[in-house]
Amino acid sequence: MKKLGFGIIGCGVIHHWHADAIRRLADVADLVAVCDVAEDRAGAAAEKLGVTGYVNISDFLADGRIDIVTIATPSGMHADHAIEAVRRGKHVIVEKPFDISLDQADRLIAEAADADVFVTCISQTRYASGLKQLQEWIDAGKLGDLVYGEATIKWYRSQEYYDSGDWRGTWALDGGGALMNQGIHYADNLQRAMGKPKTVSAYAATRGHRIEVEDIVTASIVFENGALGSLTATTSAYPGFQTTLEIFGTKGSVRIENQEIVSVNFVDGEQYDSALLQSDTPSTASDPAAVGGYNHSLQFREFIDTVQSGKDRLAGALEGRTALEFVLGVYQSARTGQPVTFPL
Ligand SMILES: NC(=O)c1ccc[n+]([C@@H]2O[C@H](COP(=O)([O-])OP(=O)(O)OC[C@H]3O[C@@H](n4cnc5c(N)ncnc54)[C@H](O)[C@@H]3O)[C@@H](O)[C@H]2O)c1
């Protein structure tokens, strides 16, 4: 089968992971080009990766070797860039968040449907072995009826981080702070485990940074199935702690730290295979760079399989839209001081 050609738009922090993910898929994919409006960034990435560099998105999209475009530009540009790509017949992998507005997300989904191409949204933590195992247990009813789910992301980002890019920490292009940028992965994991949210009540504040968006947000959730939940995301928790996801059901509970299972308890005393607690994700304990694009590569491979199967063209895009709607519901409640009911 012919390898699929990849092109990356946006040569900043996350493009390194995209390039690494594509390198891990050498049997099915080739990176052929990168694009960035900043000429120095496009040039440096092209030289390092040994691919063609473009500063003009239109020229980049005219490159016939590119089958799949990954969007790694600031969040508020995602739908616009993805729409340009689907209009040129490219399949698209959009970094999270899918966009920062539901109208833009819906425009992209409609354009992709018209163009008959495949679109997905990155949610690489879903591909970590612990989260996949949790989902299998929930889907098989092993936890019984869900009672409560709690996700926390207590990270630390310095003021220098926010100052490192004009778009960071702005409503216009980041679309929010600790939740829209960092916490959205865990909002996504929480709603995937618990089911869709029905109502949310939230508070947000900016306590540790000079930014216009929040650096701490906390939300109480009622899910469609009647279970309750809680979500906290902050970038002001020095020095930064492990993320946690706890799911409690009538038949048992699971606790996850940094995407891997650390505790499982079934009411009927059933034992689980302790090998399931072993992560197959490369360890970052002594080498933070070890993970790199590993989980991205799992999602990229699944997307390639989907493209080749010809089915579920927009399934991943709709998942990205769901996570975005959850986050926007939290912001709406925090802004208005009122509970918010879904759909928005
Ligand atoms: N999945 C994850 O865990 C993860 C991690 C980090 C970032 N991200 C997401 O990736 C996206 C980029 O984040 P980042 O930290 O790499 O940002 P960044 O600022 O480091 O990089 C963005 C790049 O886009 C370029 N750019 C801006 N406008 C452009 C245009 N019109 N055409 C082409 N290039 C353009 C900029 O010059 C810059 O090089 C964000 O949406 C962020 O949420 C995801």
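**View 1. Salt bridges and polar contacts between domain 1 and domain 2.** In this predicted model, the count of salt bridges between domain 1 and domain 2 is 0. Polar contact, in turn, links 3 residue pairs between the two domains, both residues of each pair being at pLDDT 80 or more. On the side of domain 1 that touches domain 2, the residues divide by class into 7 nonpolar, 5 polar and 2 charged.

**View 2. The two domains of the chain.** The domain assignment gives domain 1 as 4-124 + 298-314, and domain 2 as 128-277 + 322-341. Between the C-alpha centres of domain 1 and domain 2 the distance is 26 Å. Domain 1 brings 14 residues to the contact, and domain 2 brings 16 residues.

**View 3. The area buried between the domains.** The size of an interface is often given as the accessible area lost when the parts come together. For domain 1 and domain 2, about 1,200 Å² is buried between them, and 67% of this area is on carbon and sulfur atoms. Of the area that domain 1 buries against domain 2, 42% is supplied by Lys96, Ile100 and Leu102, more than by any other three residues.

**View 4. The shell around the ligand.** The ligand is surrounded by 26 residues, of which Asp36, Arg41, Ser75, Gln124 and Trp167 are the closest. Sorted by class, the shell holds 12 nonpolar, 9 polar and 5 charged residues. The ligand lies between domain 1 and domain 2, because both domains give residues to the shell around it.

View 5. A polar backbone atom of Ile14 is 2.9 Å from an oxygen atom of the ligand. For His78, a polar side-chain atom lies 2.9 Å from an oxygen atom of the ligand. On its own the ligand has 850 Å² of accessible area, and the protein covers 86% of it.

How values were computed. Residues are numbered from 1 along each chain as its sequence is written. This is a predicted model: local features need pLDDT of at least 70, side-chain atom pairs count only at pLDDT 80 or more; totals for chains, interfaces and linings use all residues. Side-chain values use heavy atoms; hydrogens and water are left out. A residue is near a molecule or strand if one of its heavy atoms lies within 4 Å of it. A polar contact is a pair of N or O atoms within 3.5 Å; within protein, one must be able to donate a hydrogen and the other to accept it, and residues adjacent in sequence count only if both atoms are side-chain atoms. Accessible areas come from the Shrake-Rupley method with a 1.4 Å probe; for residues, only the protein chains shown count as cover. Ala, Val, Leu, Ile, Met, Phe, Trp, Tyr, Cys and Pro count as nonpolar, Asp, Glu, Lys and Arg as charged, and the others, Gly among them, as polar. Domain bounds come from an automatic or database domain assignment. Contact means heavy atoms within 4.5 Å. Buried area is the accessible area (1.4 Å probe) that two parts lose on being put together, summed over both. A salt bridge is a side-chain nitrogen of Lys or Arg within 4 Å of a carboxyl oxygen of Asp or Glu.
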